[in-house]
Structures are given as structure tokens and as C-alpha cells.
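Please consult the sequence and the structure while reading.

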Amino acid sequence: SSGINAEWPLRPGSRDHVSGSPPLGDKLSSLTDKWENIEQNWDGRAKLLNQCRALQMFKRDVRLAENTLNKQDEIISQMKSPEHSPEVRIKKLNTFEKLTVLAETKLDTLKVTAKTLIEDDHYASEEIREIMNSLQSRHAENLASAEEAEDAIKEAKRLQKFLDDSGELTQWLKENADSLGEESLRDPGTYPALMKRHDALRSELTNNEPHLEKIKAEGADINDITENPMVMSNIEELQKAWDDLNDLLEEKEKELEKAEKARKAEEKLQDLKVLVADLDAALASPDSGADPSSAKQIAKKYDMIAEELDGLDLICEEIPEVEADSGESVNAQKDDIKSRFAALQVPLEKKKEKSTDCDSALIPLL
């Protein structure tokens, strides 16, 4: 062994060759330091990678929240558009409310995530804070804009309801006025039905008067706020239609009342014509009135006709210039009957005298 060592000296760098090399302990210490440095670098790199991944996921969720906020912006724009009806805008408002719930849920989740990242001393803490402030600011602005749009929708809905109510009542008034204007009084048989219709329409007008006043008050209130010329125009049109129908109905009621009186007068005229003709025939007959009993019956009929003619005079005073079915004035027919009736007074007196003479001649015989 010693010979071998003497013959073959150890190579430099071999395990037993220690001349000029640092001690083993120093090597181990150096290796330990390097390993610890590697571990620290690895931990730092792992932390950085985790933070990058967390930031990437955070920004992904931010984009989703931004999409929801963008949809809110679009809905708000549609809510404010006067091109849409109030009903459509109300539907948009309902959609916005659903988006608001979704947006707040996403923002609440992002708040928790952002708080955790910032508390963990994330390298992009300031950027994360700015992103959250921006999102919350946008959401707050959207809520404020939506509230303004909702107020505008309420006013638009109120205006639309006024226009609908006033337009509906105005149309009803005009339709009834047109129908009333087409009424004809030529057929007396329709008078009872027309009277019922007038009474029903008068009742409807009375019942609708509070509705009219409510619409007018609502319109005046809206006009004070919006100063919309359409509102005052509708109120004026509604009031005119109301006044026109009331005036026309009053006129038709008077015409129908006059026509009904003329109809009754016509009936009485016809009855009197028959009575006068019967009386004329009785007075012309040589046999009638020959005795006191029949003479009294003729006189009684005469007095009855006279009474009826007096009643006819009262009726005719209320219906001047009215024509009966024959086309002749009721007053003219009345005057004709009275003239014919007056002409019967002389024959009646003769019948009375004849009856008295006959009675006197019979007394001595009794």
C-alpha cells in the first residue's frame, strides 16, 4: 500500500487530495446558502405567479361586471328615449332593476376579492383599488341616471294616461253627438224609445261629470309641470265636446217634447173630428132630439166637445207652428174643428127649442 502510494501519487481534486482546497465545512455552508437563496427566489417567484393568476382572475370578473354595467348604460338610454312608449320604457326599467341586482352581486364579490388582494400586499394593489373605485362610481352614476329616467317615465305615463282618458271621453261625447244629430222625429212610434234614450244619455252625462272634472284637474296639474301645449289642447277639445253634446241633447229633448205634444194633440184632434162628425150627424137627423131625453144627450155631447176643445187650446198654445202627420198645422186643424163645432150651435138651439115645444105640447095631454 505504501509502495503503491509512493509509485502512484493521488491526482489533484481527488477525495484525499486536500492541498489548496477549502475545507469541507465551508463547502457545505456555501451550498446551504445557495440552496436557501434558491428557495427564497422560488418562493418569491411562486408568490408572484400566484398574484399574477389572482390578478388575471380578478380582471376577468371585472370584465364581466363591466359588461353588466354596459348593459345598464344601454337600458338607461332606452329608458330616456321619447321614441318608446311609457309601457315599453317601464319594461326597460324592470330589466334595469334585474341588471342592478346582478351588478351588485358581482360588485360585492369583487369587493371581497379586492380587499383580500390588497391586504395580502398584492403588487398591483393600487391598480386594484382604482378599478374598484371606477366600477363603484359607474354603478352609482347608473343608479342616479336610472332614477332620473324613472321619474321621467312616471311623468310620461301620467301624461299618456291623461291623453288616453281625455281622448276616450272626447270620442264618446262626439260619437253620441253624431248619433243624436241623426235622430228623426218623423215617426211618432219612435218617441217613447227616443225619450228613454235621452234619459239614459242624460244620466250618463251626469255620472261622467266628476270624471270630466278629474281629467281636467289632472291635465291642469300636468300642464303646470311640463307646460305641454298638447295638454291644454286636449282639455279645450274635451270641454267643447262636452258642451256641444249637452247643448244638442237639450235641444233634442225640447224638440221631442214638442213633437210628443203635437202627437197627443193630433190624437185629440182625430177624436174630436169623430165627435164633431157624430154630433153633426145627430143634429142633421130629424129623429134625434125630438124628445127631451135625446135632446139632453145631444146637449151633453156638445158640452163634452166644448170642454175637449178648451183642453186642446191649452195644448196648442205650447206647440205653435207644429205640423201633424197630415202636414197641416195642428193649430190650423184645431181652428177648423172649432169652426165646424161653432156652426153646430144654431142647429143645436133649434133642437132644444123643438124639444121644448114638444114637451109643452105633451103637458096638456097628460
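A residue is called buried when its relative accessible area is under 20%, exposed when that area is over 50%, and partly exposed in between, as computed with a 1.4 Å probe on protein chains only. The model is predicted, so local features need pLDDT of at least 70 and side-chain atom pairs count only at pLDDT 80 or more, whereas totals for chains, interfaces and linings use all residues. Residues are numbered from 1 along each chain as its sequence is written, and side-chain values use heavy atoms, with hydrogens and water left out.

Helices are DSSP runs of H or I with at least four residues, numbered from the N terminus. Helix H3 (residues 86-119) has 34 residues. From its first C-alpha to its last, H3 reaches 48 Å, close to the expected 50 Å; the expected span is 1.5 Å times one less than the number of residues. Among the buried residues of H3 are Pro86, Arg89, Leu93, Phe96 and Leu99.

Asp121 lies in the loop between H3 and H4. Although Asp121 is not a glycine, its phi is positive, about 60°. Asp121 is exposed, with a relative accessible area of 57%. A positive phi, near 55°, is also found in Glu227, a residue other than glycine. Glu227 is placed in the loop between H5 and H6 and counts as exposed at 64% relative accessibility.

**The packing of H4 and H5**

Two packed helices are described by the angle between their axes and the distance between the axes. Here, axes are lines fitted to C-alpha atoms over the stretch in contact, and angles between N-to-C directions run from 0 to 180 degrees. The axes of helix H4 (residues 125-181) and helix H5 (residues 191-226) come within 10 Å and cross at roughly 150°. H4 is therefore roughly antiparallel to H5, a term that applies to angles over 145 degrees. The contact of H4 with H5 involves 12 nonpolar, seven polar and seven charged residues; Asp, Glu, Lys and Arg count as charged, Ala, Val, Leu, Ile, Met, Phe, Trp, Tyr, Cys and Pro as nonpolar, and the others, Gly among them, as polar.

**Salt bridges**

Side chains of opposite charge can pair when their charged atoms come close. A salt bridge is a side-chain nitrogen of Lys or Arg within 4 Å of a carboxyl oxygen of Asp or Glu. The structure holds 19 salt bridges, including those in the table.

| Salt bridge | N to O distance |
|---|---|
| Arg138 and Asp73 | 2.7 Å |
| Lys252 and Glu255 | 3.9 Å |
| Arg263 and Glu267 | 2.5 Å |

The pair of Arg138 and Asp73 links distant parts of the chain. Arg138 belongs to helix H4 and Asp73 to helix H2 (residues 24-80), 65 residues apart. Arg138 is partly exposed at 22%, and Asp73 is partly exposed at 32%.

Lys252 and Glu255 are three residues apart in helix H6 (residues 229-284), which means that about one helical turn separates them. Lys252 is buried, with a relative accessible area of 13%, whereas Glu255 is partly exposed at 32%.

Arg263 and Glu267 also lie in helix H6, four residues apart, about one turn of the helix. Arg263 is partly exposed at 24%, as is Glu267 at 40%.

Terms used
Helix = DSSP H or I, 4+ residues; strand = E, 2+ residues; numbered from the N terminus. Parallel < 35°, antiparallel > 145°, perpendicular 65-115°, else oblique.
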